[in-house]
Amino acid sequence: MNQKKYTKNVAKRTVTARRKKNNLRRKIVLAILVFALLGTGLYLKQTISYYYALYFDKTHHKKLKNSEFETKRIQKIISNNLDKTYGFDISHYQNTHDINWDSLSIGNKIIPLQFVVMRATMGNKNADKNFEEFWQMAQKHNLIRGAYHFYRADEDPIIQANNFLNNVRLETGDLPPVLDIEKIPNKKSKEKLVADLKIWCKIVEDAYGKKPIIYTYYHYYKDYLKGEFDDYPLWLANYNDVTTPSPDDSWDFWQFTEKGIVHGVNAKIDLNIYNGGIWSLKNMTLD
């Protein structure tokens, strides 16, 4: 048998072929390692996030405490309204990382918070920076949610209504729009204020087919709004030592404290009572 003659060209071609083969193997091994690392990273994403938060992004829980008077007042209100539905309201004044949406309750973890109302817009053109995240988290955790507009009394009601409508997309199961009015105008009469508020309400009601909920303080309602919005759902804020937010008016929601201590929230927040059971509250929501 004739032996193959190895010339310089043959040797060169042999070395080049081996080198290409080895480079291909290295690329295949490298690709397998990259895919394995990516797959492991995705699989361990939650674990990695947990340990990162544990060691590098720690949440410092505060020891929240109220005065003895406020503690007793809140306890008395809750004990007198155990048949009602509880919720809370938030805005950009609360940090997003301060809320653990999985475990929101009061009364030593016995009473769940079942609805949340969050600020969406303010005045002619401002929007709350935390609204979108809060809005999505509320839906994800099956809370009945609502959005409110903080009304600036000296600004234009039409522009303010459009600001709300441009930033909020209410869906079936959400609460009707909420109008928050608590400031006295500097440039308008009481009559002009009431007329402007009715314009805002009419625009928003036409858009959603439901009368907006009116939020205000008890004394503001008594002095400025009483008799003008009697057929609208009423949400009153009253932080006094009282058994109801209003002695002589029907009400739907009562914001009874701005110093609520909630299991699952690392800050004091506004707490609210809906004047009815959970099915009654669901009947109030949009179809």
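What share of the contacts between residues at least 6 apart in sequence join residues at least 24 apart? In this protein the share is 68%, a contact being heavy atoms within 4.5 Å.

The model is predicted, so local features need pLDDT of at least 70 and side-chain atom pairs count only at pLDDT 80 or more, while totals for chains, interfaces and linings use all residues. Residues are numbered from 1 along each chain as its sequence is written, and side-chain values use heavy atoms, with hydrogens and water left out.

**View 1. The whole protein.** The protein has eight helices and 10 strands; helices (H or I, at least four residues) and strands (E, at least two) are DSSP runs, numbered from the N terminus. Of the 287 residues, 41% are buried, that is, under 20% relative accessible area with a 1.4 Å probe, protein chains only.

**View 2. Helix α5 and its surroundings.** Helix α5 covers residues 157–167, and its buried residues are Pro157, Gln160, Ala161, Asn163, Phe164 and Leu165. These buried residues pack against β3 (111–122), β4 (126–127), β5 (144–150) and α6 (190–208).

**View 3. The nonpolar cores.** A nonpolar core is a set of buried Ala, Val, Leu, Ile, Met, Phe, Trp, Tyr and Cys residues joined through side-chain atoms within 4.5 Å. The largest has 54 residues, and Phe88, Trp101, Leu104 and Phe256 have the most contacts inside it. Helix α6 gives the most to this core, with six residues. A second, separate core has 14 residues, among them Ile144, Val178, Trp235 and Tyr274.

**View 4. Contacts of Phe88.** Neighbours within four places in sequence are left aside here. The contacts of Phe88 include Trp101, Leu104, Leu113, Phe115, Val116 and Val117, and also Ile269, Asp270, Leu271 and Asn272.

**View 5. Aromatic pairs.** Rings of Phe, Tyr and Trp (its six-membered ring) pair if their centres lie within 6.5 Å; planes under 30 degrees apart count as stacked, over 60 as edge-to-face and the rest as tilted. The count comes to 15 aromatic pairs. One of them joins Trp251 and Trp254 edge-to-face, at 6.0 Å centre to centre and 75° between the planes; both residues are buried. Ring pairs also link Phe115, Tyr215, Tyr217, Trp235, Tyr239, Phe253 and Tyr274 into a cluster.

**View 6. Lysines over rings.** A charge sits over a ring if NZ of Lys or CZ of Arg is within 6 Å of the ring centre and within 35 degrees of the ring normal. Lys211 lies over the face of Tyr232, 4.6 Å from the ring centre. Lys282 has its charged end over the ring of Trp279, at 4.3 Å from the centre.

Notes: Buried means under 20% relative accessible area, exposed over 50%, partly exposed in between (1.4 Å probe, protein chains only).
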